[in-house]
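This report walks through side-chain contacts and helix packing. Please keep the sequence and the model in view while reading.

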Protein chains: 2
Amino acid sequence: MERLKKQMEFIIEVDKLKDIIRQTNLTNGERKENDAEHSWHLALMAVFLSEYAKEPVDVLQVIKMVLIHDLVEIDAGDTYLYDEAGNGTKAAREQKAAERIFNILPGDQAEELFQLWQEFEDRKTPESKFANTLDRIQPVLLNDATEGRAWREHDVCIDQIMSKNEYTSQGSDVLWAYIQEVFEKNIENGNIKRSL
Amino acid sequence: MERLKKQMEFIIEVDKLKDIIRQTNLTNGERKENDAEHSWHLALMAVFLSEYAKEPVDVLQVIKMVLIHDLVEIDAGDTYLYDEAGNGTKAAREQKAAERIFNILPGDQAEELFQLWQEFEDRKTPESKFANTLDRIQPVLLNDATEGRAWREHDVCIDQIMSKNEYTSQGSDVLWAYIQEVFEKNIENGNIKRSL
């Protein structure tokens, strides 16, 4: 059972995603979220929010993408959205990580995983646009629930936020409208700066 | 948008699953796993291991079940498999939790969630049998990767393990055979006791 052995090795390897820490705080404010929890949260959002996708989506495909989209961070680490230097080298670091981690799987499944990851990164299909929208709005919801904690910690202003959200509306008009209201509220109460 | 508001309230509420701690240690042995990470891990296993299901399964249905199967523990807490007293009151505590948490969602989605959860608990469909198999084997894989840490902490013997695994084989002969070998290896090296 060489095939099963490789699959089990992969299942054990990806346990490391539980130790990749993001910049977002949990809603109770007690610690920062890790990538595995974040991926679970996105998958659950895909189940209950996919009626708001701009185009009809294959929910299974959306869920698969959000479950695997951060696996490369096991080697490449989490790069904070507003870390300009880190974002300059991110693509190369993540490509190298994908080659090591995905190739633990048997060939056909490694190939499927590369395709899924590339689809998510390319944001061309309805499914990947919606998956990327979920990935962007989930931290906004958590930040809002913690009185803008991560925004305040990093002294973020609305222009920076909007520049990082140029694709967010592509997956869902309804969710984008909701999130814009959240931004507005957090500008009003000072959690997000109006200008630098 | 009363509907969207309820859905977003649910998305925020379930963030609490990230604080429900299980008895299983992560593979690096540094801390115990929480329910959100565990659910993510099962969903990923469903993606890459469903070829081993005893009967053909709808992978989306399996994934949905594993994503939501522990939500009731937000109120009811995690009940360790070998906690006999806790297991006596588990069903009633979880039913009450389901009523509070699931009903945050709009009526149609609350109903879908009750059905999914009940399907998982009943273990009658091919999907729920396979989902339950994944739920049982994932902690075994993590225990094996940490030299049987949770088994040793709780002084567990193989008879106890087998009595809790009476349904594990129902979802997959292949995965059950693999896990039996893992048990055997851990009896040999003393991580699991041969008898009480």
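Asp155(A) is partly exposed, with a relative accessible area of 45%; partly exposed lies between buried, under 20% relative accessible area, and exposed, over 50%, for a 1.4 Å probe and protein chains only. The model is predicted, so local features need pLDDT of at least 70, side-chain atom pairs count only at pLDDT 80 or more, and totals for chains, interfaces and linings use all residues. Residues are numbered from 1 along each chain as its sequence is written, chains are lettered from A and ligands numbered from 1 in the order in which they are written, and side-chain values use heavy atoms, with hydrogens and water left out.

**Salt bridges**

Asp155(A) has a partner. Its side chain meets that of Lys193(A) in a salt bridge, 3.3 Å from N to O. The term requires a side-chain nitrogen of Lys or Arg within 4 Å of a carboxyl oxygen of Asp or Glu. Lys193(A) lies in the segment after α10 (173-188) of chain A, and Asp155(A) in the loop between α8 (149-153) and α9 (158-163), so the bridge ties together parts 38 residues apart in sequence. Helices here are DSSP runs (H or I, at least four residues), numbered from the N terminus. Lys193(A) is partly exposed, at 27% relative accessible area.

Chain B has a salt bridge between Lys193(B) and Asp155(B), at 3.4 Å from N to O. There, Lys193(B) sits in the segment after α11 (173-188) of chain B, and Asp155(B) in the loop between α8 (149-153) and α9 (158-163) of chain B, 38 residues apart.

Arg3(A) and Asp108(A) form another salt bridge, their closest N and O atoms being 2.9 Å apart. This pair links helix α1 (residues 2-13) of chain A to helix α6 (residues 107-122) of chain A, across 105 residues.

The table gives the accessibility of residues in these bridges.

| Residue | Relative accessible area | Class |
|---|---|---|
| Arg3(A) | 29% | partly exposed |
| Asp108(A) | 47% | partly exposed |
| Lys193(B) | 27% | partly exposed |
| Asp155(B) | 47% | partly exposed |

Over all chains, the search finds 34 salt bridges. Glu13(A), Lys16(A), Asp75(A) and Arg100(A) are linked in a network of them.

**Aromatic rings**

How many aromatic pairs does the structure hold over all chains? The count is twelve. Rings of Phe, Tyr and Trp (its six-membered ring) pair if their centres lie within 6.5 Å; planes under 30 degrees apart are stacked, over 60 edge-to-face, and the rest tilted. Phe102(B) and Trp117(B) are edge-to-face, at 5.9 Å centre to centre and 85 degrees between the planes. Phe102(B) belongs to helix α5 (residues 84-102) and Trp117(B) to helix α6 (residues 107-122), both of chain B, 15 residues apart. Both residues are buried. In chain A, Phe102(A), Phe114(A) and Trp117(A) form one aromatic cluster.

Charges also sit over rings. The criterion is NZ of Lys or CZ of Arg within 6 Å of the ring centre and within 35 degrees of the ring normal. Arg123(A) lies over the face of Tyr167(A), 3.6 Å from the ring centre. In chain B, the charged end of Arg123(B) is over the ring of Tyr167(B), at 3.6 Å from its centre.

**Helix packing**

Helix α2 (residues 35-49) and helix α3 (residues 59-68) of chain B pack at about 170 degrees, their axes 8 Å apart. Axes are lines fitted to C-alpha atoms, for helices over the stretch in contact, and angles run from 0 to 180 degrees between N-to-C directions. The two helices, α2(B) and α3(B), are therefore roughly antiparallel, a label for angles over 145 degrees. Contact, meaning heavy atoms within 4.5 Å, involves residues including Leu42(B) and Ala46(B) of α2(B), and Val62(B) and Val66(B) of α3(B).

Technical notes: Parallel < 35°, antiparallel > 145°, perpendicular 65-115°, else oblique.
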